[in-house]
Amino acid sequence: RPGDLVPVQLSLSRTPRGFFVPNRAITLVNGEPAVAVVEEGVAHKVGISVHEAFEEWRRIEGEAIQEGNLIIVSGVHYVSDGQPVHVNQDLLGGDA
């Protein structure tokens, strides 16, 4: 009821594994969620598990996903596994 007090317990000691990516970076390969990772100028679609959302972001996990990976976030549906791609360094920002 409005105005009722409810006990809440938050656990801040455990951070979930994985990475947050924009929703538009996630595609389906044979009906399973995947993202396209760029390695040495070639796109590779890798399977992931999709978890909670935060606004337009989703937390993902996958054995092939590591910190520092370049993940295609725009036009991922048009990229084929093994397709050569050009990474526009101007769009990366930071130290990538």
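Two strands count as paired if DSSP finds at least two bridges between them. Strands themselves are DSSP runs of E with at least two residues, numbered from the N terminus.

**View 1. Strands E5 and E6 sit side by side as an antiparallel pair.** Four bridges join E5 to E6, and E6 covers residues 57-61. Look for valine 50, which stands opposite isoleucine 60 of E6.

**View 2. Here is the open sheet, with three strands in the order E1-E6-E5.** The pairing is antiparallel. E1 (19-22) and E5 (49-54) each have a single partner strand, so one side of each is left without a neighbour in the sheet. From one strand to the next, the twist averages 40° (axes are lines fitted to C-alpha atoms, and angles run from 0 to 180 degrees between N-to-C directions).

**View 3. Now zoom in on arginine 59, a residue of strand E6.** Arginine 59 counts as buried, with 8% relative accessibility (buried is under 20% relative accessible area, using a 1.4 Å probe and protein chains only). Leaving aside neighbours within four places in sequence, its contacts include Phe19, Phe20, Val50 and His51 (contact means heavy atoms within 4.5 Å).

**About the model.** This is a predicted model, where local features need pLDDT of at least 70 and side-chain atom pairs count only at pLDDT 80 or more, while totals for chains, interfaces and linings use all residues. Residues are numbered from 1 along each chain as its sequence is written, and side-chain values use heavy atoms, leaving out hydrogens and water.

Definitions and conventions
Buried means under 20% relative accessible area, exposed over 50%, partly exposed in between (1.4 Å probe, protein chains only).
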